[in-house]
Amino acid sequence: MGEPPAATPIRVLIAKPGLDGHDRGAKVVARALRDAGMEVIYAGLRQTPEEIVESAIEEDVDLIGLSCLSGAHMALFPRVLKLLRARKVRDVPVFAGGIIPDDDAKRLRRIGIRAVFGPGTSLEEIVRTARGIARHRT
Amino acid sequence: MTGGRALPAAARAVVRGDRRALAQLITRVESRDPTVAPVLAALHPRTGHARVVGLTGPLGVGKSSLVNALLAHLRALGKTVGIVAVDPSSPFSGGSVLGDRIRLERDPADPGVFIRSMASRGRAGGVATATREVVRLLDAAGYDIILVETVGSGQVDIEIRDVASTSVVVLVPHLGDEVQTLKAGLFEIADVFCVNKSDLPGAEGAARDLSELASLGTARDGWRPVVVQASARDRTGIENLWTAIAAHEAFLDEDPRRRLESERRRVATELVELVRDRVAQEAAERLTADPAHGRLLKDVVARRVDPRTAADRIYARHRKPTTRVRRR
């Protein structure tokens, strides 16, 4: 009782757009972010870009993490960015993970995905990056 | 409505149906931002229309799945629905994984639904001050029904009663023998018992035990808990569940004094909690600033003073609002 008004934890949405069922990576990342003190809203598998954006708005997240292993990332990730812009959400950064070829990763970064993590990325690096790019509340 | 005063911009946005503004206000309430107070004050006269239904019960009984089934049912009835789903925060890292959305299917373009996940952030009992205020924001935003899903409850987690006007206790078959239902706590707060996963064997028996419990003894506030069987997976019994909830709400409305009394009880608890939280926080701050506290601590550990005597002394020192401690 009477706990101090602690600094607000970073709220992050982790979602998997697309139709593949490989959610282990997303779960491992969710767990790591939790252990780093963040509040992870885990939206799970087979989310449409529309669902992801609505969830991000309702949950007022500071960061969005997308995971995709179906190969459809070049269709799905840009669509999320576009919808965010259409809803005037400009201050919530998006990072991505999955099986994403280097060339695609470059293009995704160019259009505004802040970080792209492939297999083998350390959790430490993901947590550090997430902390660094998350929207900071004033 | 607000005595002629203009609504603060954030309050206006919520009333207008701005979902982002609502979400951001919820964040401010959750993080105990003191600047949110005038917004809450301005919105208060616009609340009281929503029906607030709490769903509680042990972990894994299917609360989220039932909320999802109720959501579809209520939308089909044309009701707008706000959902607050609480999951636990880690006592170690402070972080959390809020996973209730996984089970909630909805059309993202449907403005008649607003879902918010909340971490318990160290508040015991599953739901607390912040939940109540988040519920009020959804109420002010105009949602007809607000479903509050608690963290998986234990035997004594009955706080939902202080938030919701109808409390549903969700159980599953084979949680224990009928003596469990006689125990104090969780079983006492139900306005509705829902035996979920009733596609499993044993559901009949569980429902029978609960019905027996409900028929024993005197009805609390004149209402006997209703027992329903449901299967969120098979989507059976959902209509019965809603009918039971609506029946309890109708019972409260039948006699305006009942509704008033139920609300008075919740507000009374809330006011005590709000004041107690402030007193507790102030006390904690003063204690850490007081060198005598440190000395007493040592004395207790060294067995020179016992904890009660030490607490008496601390209490006596800090009772008066003006202490010399701060000026030193």
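This is a predicted model: local features need pLDDT of at least 70, side-chain atom pairs count only at pLDDT 80 or more; totals for chains, interfaces and linings use all residues.
S7(B), residues 192–195, has a parallel neighbour in S8(B), and four bridges join the two. S6(B) also runs parallel to S7(B), again with four bridges between them. Val195(B) is a handy landmark for both pairings: Gln229(B) is its bridge partner in S8(B), while Leu171(B) of the model stands opposite Val195(B) as well.

## The sheet around it

Zooming out, S7(B) belongs to an open sheet of seven strands in chain B, with parallel pairing and the order S4-S2-S5-S1-S6-S7-S8. At the edges you will find strand S4 (113–119) and strand S8 (226–229) of chain B, each of which pairs on one side only. From one strand to the next, the twist averages 20°.

Helix H6 of chain B, residues 203–215, lies across strand S6 (166–171), S7 and S8 of that chain. Relative to S8(B), this helix runs at about 175°.

On the H7(B) side, the contact is made by Leu252(B), Asp253(B) and Glu254(B); H8(B) contributes Arg258(B), Arg259(B) and Ser262(B). Sorted by class, the residues in this contact are one nonpolar, one polar and four charged.

## Where the chains meet

Now for the partner chain. The contact between the chains takes 28 residues from chain A and 30 residues from chain B. On the side of chain A that touches chain B, the elements giving two or more residues are helix H1 (24–35), strand S2 (39–47) and helix H2 (49–58) of chain A. The residues on this side of chain A divide into 12 nonpolar, five polar and 11 charged.

Strand pairing also links the two chains: S2(A) pairs with strand S3 (residues 96–98) of chain B in the parallel sense, over three bridges. To find this spot, look at Val40(A), whose bridge partner in S3(B) is Val97(B).

## Confidence in the model

The average pLDDT is 92 for chain A, where 94% of the residues score at least 70. Chain B averages a pLDDT of 89, and 93% of its residues score at least 70.

One stretch calls for some care in reading: over residues 1–6 of chain A the pLDDT is below 50. Beyond near neighbours in sequence, this stretch has eight contacts in the model.

Methods:
Residues are numbered from 1 along each chain as its sequence is written. Chains are lettered from A and ligands numbered from 1 in the order in which they are written. Two residues are in contact if their C-beta atoms, placed from the backbone, lie within 7 Å. Ala, Val, Leu, Ile, Met, Phe, Trp, Tyr, Cys and Pro count as nonpolar, Asp, Glu, Lys and Arg as charged, and the others, Gly among them, as polar. Two strands pair if DSSP finds at least two bridges between them. pLDDT is the predictor's confidence in each residue, from 0 to 100. Axes are lines fitted to C-alpha atoms, for helices over the stretch in contact, and angles run from 0 to 180 degrees between N-to-C directions.
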